[in-house]
Every structure is written in C-alpha cells, then in structure tokens.
There are 2 protein chains.
Amino acid sequence: MGFVVGGLALCGLSITPASAIEIQRVESPGGIEAWLVEDYTVPIVAMEFSFEGGTTQDPADKLGVTSLLSIMLDEGAGELDSQAFQQKLEDLTMSLSFSAGRDNFYGSFKTLSANKDETTDLLKLALTDPRFDAQPLERMKAKTIAGIERALKRPDSVAALAFTKELFPEHPYGWPRSGTVESVSNLTSADLEAQHTKIFARDGLKIGVVGAISAEDLSPLLDKVFGELPEAGSLTQIEEVEPATGVVKHLPFDTPQTSIQFAMPGLKRDDPQFMEAFVANHILGGGTFSSWLYNEVREERGLAYSVGSYLVPRDHTALWMGYTGTAGEKAPEAVEIITDQIKRLTKEGPSPKELQEAKAYLTGSYALSFDSSSSIANQLVGIQNANLGIDYINERNDLIENVTLEGVKAAAQNLLSGVEPSVITVGPFGAEQTDPIQ
Amino acid sequence: MGFVVGGLALCGLSITPASAIEIQRVESPGGIEAWLVEDYTVPIVAMEFSFEGGTTQDPADKLGVTSLLSIMLDEGAGELDSQAFQQKLEDLTMSLSFSAGRDNFYGSFKTLSANKDETTDLLKLALTDPRFDAQPLERMKAKTIAGIERALKRPDSVAALAFTKELFPEHPYGWPRSGTVESVSNLTSADLEAQHTKIFARDGLKIGVVGAISAEDLSPLLDKVFGELPEAGSLTQIEEVEPATGVVKHLPFDTPQTSIQFAMPGLKRDDPQFMEAFVANHILGGGTFSSWLYNEVREERGLAYSVGSYLVPRDHTALWMGYTGTAGEKAPEAVEIITDQIKRLTKEGPSPKELQEAKAYLTGSYALSFDSSSSIANQLVGIQNANLGIDYINERNDLIENVTLEGVKAAAQNLLSGVEPSVITVGPFGAEQTDPIQ
C-alpha cells in the first residue's frame, strides 16, 4: 500500500506551493543527483531514496527475498553484528528503515544535522556491506512467516493476495510480496546477497533531502553514501502486462463481514490522460464524503462503513482499484451498486458542480501532505520516479484546473467502455444458508 | 497513552535547538495567549490546544462521557448536521480531531494558510456550538462499545484496565477512560452538553501554533476561535493520590502470551528531582537496546520481545510503570528479573558509562521528535501544561547534563526504597497444569 499512498499524495499538490517549497537540484562531484529542500526550523535532516527494482525482482523460486532484504539491512553491517548495529543507531539517535515496493526498493533515513558525518558512515555501511548473519536472519524469517500466517486469517488480506494472483496470473505482479511460508523458509543469506547485488546500484537511484543542510554540505555526503555502489545492477526485465478483466471470484470464509475488492485497467503516471483519470477516480470513489461510491454504498443504503477507489500506476501496468466490506447477505447488493456507479461514469459522467468540487479538493489538499520533513522528501523521490520534472509542484495545480467534464468522461470511456471489472469477494456471499424453519 | 508519549517526548530536547526553534509568545487583544513558531516551508498552519480537565472529570455515574465528547465534536455544530459538517471539513481541506486524556482535553487542527479564515470559523463552531444529534450519537456510542468489547478480549488491555483499578481503587484515576458498556449505553446528549460546559473554558487553555502565519495574523484568530468561551468552567476538584504499592494480582486468561505490567511511585513533572528520575528510568527500562530490563529480560534470557518502563507524571499523582509480555510458563521468572533490576537501581545504581550513554541519548534524541508542524505544536502545549517556561527548550539539555550518578541513585532510593512494586499478570502464570505422565 506504500506505493498507492505515494501515488495518491503525488497527485494532490496545490495552493501554488511554488512560493513556499523551493527545491534545489544538487549534483555531487561523483555525479549523484539529489533534490534538496533546505529547512532550518529544527536541526534535523531527513533523506528518502529509492532504487529501481522491487519485489517483482524476486527470482520465481525465491519469493519474498526482496521483502526480507528490506528488514535485514539494519541487522548488522561491516564489523557490526545486529546488536552492535542497533546500539549504534541508538547512540547516534538516527532512524533508518527500508521497504520493498513492487517496482522500487525504498530507504528512509533521519539524523540530527550535528551527527550527519557519523550517521551517514553507518548508512553507507548498511547499503554497501550488510551482513545477513544466521541468528538475525532466522529471527526475521520467523517474523515474516508469522506475518504471512496472520494475514491468511484476515478476509481483506486473503482477498488482496488471491486477487493479485487472479489479475496477473502469469506475471511477477501476481506474486505475494512477502513470499509464502514455504518460500521464505528456504531463503538463505546467499539469496539476500544476490538480491542486494541485483538491485543496489546508482543508475536507478532517486534521492530527496529535507532539513538543516546546505547544498555544499550535502554534496560530498552523497558521494560517501552512494558513490561506491556499482553503476548498474542486474535487473530482470519485467514484461508489460494488462490486468485481467471480468474475473469474478468468491472465496467462502468464516467471518461475519465480507471483503470486496474490484479492479479495472488504469493509466500509467506518464499517460497524457492521467490527470483526467485521477479526477474521474476522485469523483467515483476517491473523496471521503462526496464520492459516488460513498454516497450510494454508505449514505443511501448503509451497506458499509468504508468504501473507496484509487489509481495504482505501476512501471509495467496500471490498475484502477477499489474496496469495501459489508455484511455477507448485503455483499451481492454492494457489488451491484459498485458496478452501476462505474457504468454511470462512462455514460453520464460527473455534473459541473461535482467536477468543480473535485478540483477544489484536489488542488487544496496536496499541501497538507507536506507537513513533515520525511513526507516532503518522500514527495521529491516520487516526483523523480514518475519523471515529472523539478517544476512539477508548481505546475500541478494548473494541470488539475485544466481538466474538463469532457476530459473526465473521455478518460473513463477510454478505460472502461466494454470492460467488465474484476471482482473478488471473501467471506459469506448472500443468503447461503437455507431457512431453518422450512 | 497519548499523555505518556507527550511526557516522554517532553523530556528529550537537545543539541541546543535554541538556535533553531524560535518561539514567540502571542497575546490576543482579548487576552488569549498562544505560543507560535513561524515556518513558511509549506503553506500550512498546525494548531494544537488543550483544556484543563479530562476523563477524571466524568461524573461517577457517567463514565466515558469525556471520551465520547471528544469523538462527537466533529459530528455537527451550529446549522450543520454531521454529514454537512464533515463535508465542510473536506471542502476546506482542514483536519480537526479531539482526544480526552486523564487530566486534559486535547484538540488538533490543521489548515492551509490560505483557508485560515473559513477553517477557524468552523473550528470555533465545533468548540462553542456542538450539536450531539441523536443519529451520530448512537453511531459513536456503538463504536465506543465495540471498542470496549474488543479490548476485553486482549490480555494487555485487560491488564491495563484491571491494574488501573488496583492502583487507584478509590479515585477517578482508577476509572476506565472510555467508560463501560453499561455506562456508555446510558449516556445522552444532555450528558455531553453538561460535560462540554464543565470543561470548555479559557482559564486552563494552552495553545501551540506552528506554520505559515505571523503573530499579527494569528492574534485576532485566537479571539475569534476561543474568545466566546466562558472564563472558567466548573471543574470538579481532584484529590491528590498515591498509587497502591505491593499489590500483586493475577488474572487467568486463555492465551499463550502473558501480559505483565508493573508500577511504582513516580514524580510529578515539577518535582526538582524529576530529571534524575527521568534518567534513572532511561537506564532501567527506557532505552530500546541498552536498558537493564532489555538486556536481562530479552538479550540474556530471551523471555520477551519487548520490555520497557516509563514515567507517568500526572496532575494529581505520579507513576513509574513498565510492561512486558512472555510465554505463560516464563512469567514468574520475568517478574522476578524485573523486581531484581528495580532493586539493583536503588542499591548499586548505574555505572559512569551507563550514565554518560543515557545522557547522550536523551540529549540527542529530542530534536528528532520535532519533525512535523503538529509535533512541534504539541510540544509547545506540553511545555505550557507542565509550566516549564518558554525557555525550556533551550535549557533542557543542560538540565540533563547536570544529572549526576549520585542524583540518579538518590532519586531511585527516594522513590523505591522500602517500596514493593505492584504487579499484574494476565494470561497463564507458570506451570499451572500438572504433569500428564503422573
């Protein structure tokens, strides 16, 4: 979900933050680029970065290896074993974490500016010389397996896993990101090392930095931290793929609440119609209190507490997804309403008032997601990964304002005309039990 | 836990953020004071505020009313019903939430600076003219009751509820903060109105503001939002109380993992020995990877995944608490180790190296908790509530640096000599089943 959230936030800037957020492009002597926002309100520095290649880079017989790598990188490096490494993080009051998305591997680092030399030494060590010792490896495998087993008891995660497989039956996007109990059990430190070599390289690296540091001070640190990584990794080429449409699947599950997820084709982030689709989604299911799905499913019929939809632009595919959860006997009705609202979007489209409200919300809300140094740095990385340009933040509101009623309807028709959504339901579905009085 | 977290963070500033964080005292024409940090990095304004009086102000036959009030204040006000109010929050892209602590009632507000006139209109309406309509009231009561019922299925929350009652058997601090299923079921809109009148007043109000706003612009907004509240509420006076010591209680519970919580007397925030006790706690159980409890319980014996302790300074009492969770058959050993480490603190005290490391961590880590506008505003409110003065942020590191080995030991002896900790365990305890071979 990290990627989805990033994608949403990325598409929400406004109130001409141009005047407020000043982004510098910093290039190190060694040629490593970072985007920097200087901010001296508090003496800390936040850095977010991403490498090209995520869980789709798992070898087919080593599912979960990239996710496991992401939680092993702070479990010892260089001379420091797990305990010593964690102690050092604490001594330097730095925070460091990694996560694996489908297309990218993300890192998040925060330090007191006064400690930046020592903390970046440790960051470099974690990136270039991780240890993967036996004991922490076993602990993290056990933790991962426990997480997989827990997820198999929750209808929403069961739905997500099964749906992913249905949507991409022959493609790495269909794999479970954390792997399976069996695949994780078999992972070794050699597998982690191989995956590390595959992904950690300079050519797909994107960096965002926010805080109490100047371009002059940041520049040499970039070379220190990232300069010794190889120019290129050894990424497997991922095929382009379309999500399966018209798949309808029900998995019975012993729970009162039925989890419903649906999916249609979406648009990639660089598609010229992306903003139109983005506004269309807001009207369908993106707004908390004003979307069609919210009104029809929750307000009008009281079928569910939460319902929504969102765009999922990926590097090699694009989805338009949604979810709700309802009592089992109401599930068929909820599915029907959702399908009707999707059709309504291609047929009648939104009203002028709905479009205007959607634009007002989308242009207004972006700035609120920029309220911490880490979240600003995260946006800088997202904008680079989507290749939107350093001026995107200043231009983005105009792009939203320029969306027309015709444009929204055209994007919806382009994506949805003649397309049946795929739907998965997990839980009870309808009146499955016969009447006991009979 | 909100208060605990605030208390911890409050006690962690350093790296002379004096030079970085500039706090202005703003007084409105109507005499309302706020502390302001101007920050124009992004065009948003965050405000945090608190009223005196929290869940201890519940009437004894209306437990949970203050908590319920905190989730009802964005469910309609003035002319706006729940749905219209929520829609307006969304239209103005503002965020607004409330929470009830034991001693204080907290509010959190965030807005685009461009919308500050309209959003503060809505904030004022929520504070001064809330509606408490029947339908949202029933929904929120049902939500609260579901939460209470869920908590009764988790050993850690069962332990917390029962322990609170044991520690303060005759005092409002012993009450469940959300109330009981029965008490919440009986709450009415008249109860909420009475509680609102009781607590919402100007005399105990503390305000922190961070963001793109000048003192000149903030000043009239303070009068608009808070100026019509009465000068004083009608708070019930809360008696001073000491937590019960030496209480040992076990509640059998059908779960593999046993929840263990312990408590000793602590110090109030304005006690001259507070910083010594704060450092003592860090060494006992406050540090993630270096505390005695962590080393003994987790590293040496592998009894638990998490173990820790923390100070809980309140307005009318003070606690020093801790927790762990372990397999039922290991619970007696874990309790013994914890008790031994507490005794060790009064007898031998920490080593010079341990003291130095604790100081380095505590002085270093505070600034990291100042990384968002809301968290800075929250600190400003906390410092005002603890009456530490507007220069506290600049002075705080020196206070930590001045703590001596003798001071730490004296504080521990003062609090713990001759005192038996209270301990509650929920789950299986030891080898309760007889050997089936016999």
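Buried means under 20% relative accessible area, exposed means over 50%, and partly exposed lies in between, with a 1.4 Å probe and protein chains only. This is a predicted model, in which local features need pLDDT of at least 70 and side-chain atom pairs count only at pLDDT 80 or more, while totals for chains, interfaces and linings use all residues. Residues are numbered from 1 along each chain as its sequence is written, chains are lettered from A and ligands numbered from 1 in the order in which they are written, and side-chain values use heavy atoms, with hydrogens and water left out.

Start in chain B by selecting Glu166(B) and Lys249(B), which form a salt bridge (a side-chain nitrogen of Lys or Arg within 4 Å of a carboxyl oxygen of Asp or Glu), with their closest N and O atoms 2.9 Å apart. Glu166(B) lies in helix 6 (residues 155-167) of chain B and Lys249(B) in strand 7 (residues 248-251) of chain B, so the pair ties together parts that are 83 residues apart in sequence; helices here are DSSP runs of H or I with at least four residues, strands are runs of E with at least two, and both are numbered from the N terminus. Glu166(B) counts as partly exposed because its relative accessibility is 24%, and Lys249(B) is partly exposed as well, at 30%.

Next, select Arg25(B) and Glu33(B), whose salt bridge has its closest N and O atoms 3.1 Å apart; Glu33(B) is partly exposed, with a relative accessible area of 29%.

Staying in chain B, move to Ser50(B), which you will find in strand 3 (residues 44-52). Is Ser50(B) buried or exposed? At 0% relative accessibility, Ser50(B) counts as buried, and its side chain makes a polar contact with the side chain of Asn385(B) at 2.8 Å. A polar contact is a pair of N or O atoms within 3.5 Å, where within protein one atom must be able to donate a hydrogen and the other to accept it, and where residues adjacent in sequence count only if both atoms are side-chain atoms.

Now turn to chain A and select Glu348(A) with Arg344(A), a salt bridge whose closest N and O atoms are 3.3 Å apart. Glu348(A) is exposed, with a relative accessible area of 53%, whereas Arg344(A), at 22%, counts as partly exposed.

Over all chains, a search of the whole structure finds 32 salt bridges.
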